[in-house]
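Hi,

Here is the structure I said I would pass on.

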Amino acid sequence: MSNLLFNSLTEHHKYPNGEPIPLGIDAELLHKEILFQSNPEKKCIEIKKDNTLHTNYYIGVDWISADKVIYVAPKLNTKITAPQTTIDSSTLKETDFIKMLFHCLKYQGIANELDELFEIKWEQPKIEIEQKRDLLTPLLVVQFLGLLKTIVRKGLKKSYYKIEHNLNSRVKGRVLMGKTLKENIFKNKNLNTFCSYDEFGLNGLENRLLKRTLSFIKSYLPVYAKLNTDAYIQNLFNYITPAFETVSEEVNLNDIRYTKTNPFYREYEEAIKLAKMILKRYGYNISNVEKQTINTHPFWIDMSKLFELYVLGLLKEQFKNQVIYHPTYNSKELDYLLLSPPMVIDAKYKPRYLYTSVLDDARQLSGYSRMHKVYDALKYPKDKIIDCLIIYPNQESNNKDLSKFSELIKHSNSKIGEYVNFYKIAIELPVVNEI
C-alpha cells in the first residue's frame, strides 16, 4: 500500500472543518491542491506554503504525489467549539452519509439529482485501501438500488434482442451453419437447425446488465455489514427482485463496455452508468468483493451536495410538493423555494455557523428573495419582505427532521438578529461509531 500522508480517521477535524491542520511534509507538496471535477472553485484539499492542510467538505482518497496518498473520511464534531480550538477526539463521530442518502432516495425524483455528487478519476492509477474504508461503493450501490426501484415502479423496458435456438423442423431468422453442422448434421439430427433471430421482451441487454449488477450487489452486501442489515435495503430487494425473475444475468463483458441507452429512459441511462461503475470497480469479477482490500481509482464525494440533497428530503417529508428544488430566475439558481409558507431556503454544510458571521450568505440569500420573479413564483405581495432561511448541520441541535418547523422558526435562537425575517435552523445528521 502506498504511503498514507493523512488519515482523517484519526486526525481530521481535530480542527473545525476548513481550518488549517499543521503538517510536517516535504517541500515538494507545498501549494499542492486537488480540485473536484476540475473546478478551481471546488478544492478538495489544499496544502499552503505555511505547511498546513486545508480541507473543504469533500471525502475520498487520492494521490497527493507519486508515492503518497491522502484519505479523508466523513467526520463531524459533536460539541460546539470556537475557531482555532483543538477538539477532543472523544467528541468526534463519523457522519453516516449512507443513511443520509437512504433518506434522499425515498422521495421520487431525487435519484436523478445525483450527477454532481461524486467524481471517479478512472484515468489515474489505482490505490489499495481496506474494504471498510471504501466510501464510494456503498454510495454507488444505494444510488443504483434507488434507481432500480423507480424503474420497477414504472415497469421494465421491453426491447428487441438476439437469441439463438436449435429449432426442430422449421427455420427462423438467420441459419447458423457452423453450429447446425456441428450439433445437428454430424449427430444425425437432420430435422434440427440452429437459428439466430430477434425477439421482443424483457430479456434485453439493458435488463440483463441490471440483473447481473443486482446479483453482484447481493454478493457485496455481506462485506459491508451495515448495508446488509439495513431494513431499507432488504425492502428494496424484496420490491425489485420479482420484476427481474424472468430476466437472465448472462452478459458478455464486451457488450457491457459499449452499452448505449435511449436518453428518453433517463433512469435506465443513469442505472446502466452506475452498473458499469460498480462492476468496473471490481474488475467484473464477483469473487473480488470477498477480499479485505480493494484497488480503487481515486475518488471524491461532495458532502455539501449530499447535505443539500438530505435537506431536500427533509423538506419534501414536511412540505411535500410545496418545495421547488433549484429554481432558476435571472440566471440565479436557488437551493429551494418553499411555496407555503413562502420562503427562500439555502442549505449550508458549514458547522462553523455556530460561531461565525453569515454576512456573505445572508447577502446572497437576501438578493435572491428580492427578485421580481421570485415574488411572482410565490404570488407574494411586493410590498412585503419574503422570509429567508439557512439550514446547517449541528450535532447538538436535537433536530433530526423539520416536523417542528413552525416552532423552530419562532425560537429566538433561529432568528439572525441583524436581519429582518432572516432565520437559521440546525439539523443533527445521522452518525455511526465514535472515533
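Below are my notes on confidence, helix packing, a salt bridge and a couple of backbone details.

First, the ground rules. This is a predicted model, so I kept local features only at pLDDT of at least 70 and side-chain atom pairs only at pLDDT 80 or more, while totals for chains, interfaces and linings use all residues. Residues are numbered from 1 along each chain as its sequence is written, and side-chain values use heavy atoms, with hydrogens and water left out.

On confidence: the mean pLDDT (the predictor's confidence in each residue, from 0 to 100) is 81 for the protein, and 80% of its residues reach 70 or more. Where pLDDT is low, the predicted coordinates should not be read in detail.

Now the helix pairs. For these, axes are lines fitted to C-alpha atoms, for helices over the stretch in contact, and angles run from 0 to 180 degrees between N-to-C directions. Helix α1 (residues 97–105) and helix α9 (residues 303–319) have axes that come within 8 Å and cross at roughly 40°. That makes α1 and α9 oblique to each other (under 35 degrees counts as roughly parallel, over 145 as roughly antiparallel, 65 to 115 as roughly perpendicular, and the rest as oblique). The crossing of α1 with α9 is left-handed, meaning that the near helix is turned anticlockwise from the far one by less than a right angle (clockwise would be right-handed). From α1 the contact uses F97, M100, L101, H103 and C104, and among its α9 partners are L306, F307 and Y310. Its residues divide into 10 nonpolar, 2 polar and 1 charged (Ala, Val, Leu, Ile, Met, Phe, Trp, Tyr, Cys and Pro count as nonpolar, Asp, Glu, Lys and Arg as charged, and the others, Gly among them, as polar).

Helix α4 (residues 205–220) packs on α8 at about 45°, with the axes 10 Å apart, and α4 passes α8 in a left-handed crossing. Residues in this contact include L209, L210 and F216 of α4 and Y268, A271 and I272 of α8. By class, there are 10 nonpolar, 2 polar and 1 charged.

Which residue does E267 meet in a salt bridge? The partner is K154, at 3.0 Å from N to O. E267 lies in helix α8 (residues 266–281) and K154 in helix α2 (residues 136–154), so the pair ties together parts that are 113 residues apart in sequence. The whole structure has 17 salt bridges, each a side-chain nitrogen of Lys or Arg within 4 Å of a carboxyl oxygen of Asp or Glu.

Finally, two backbone details. The peptide bond from S340 to P341 is cis, with omega near -5°, and P341 sits in the loop between β20 and β21 (343–347). K379 has a positive phi, near 55°, though it is not a glycine; its place is in the loop between α11 (372–378) and β22 (387–393).

Cheers

Technical notes
Helices (H or I, at least four residues) and strands (E, at least two) are DSSP runs, numbered from the N terminus. Contact means heavy atoms within 4.5 Å.
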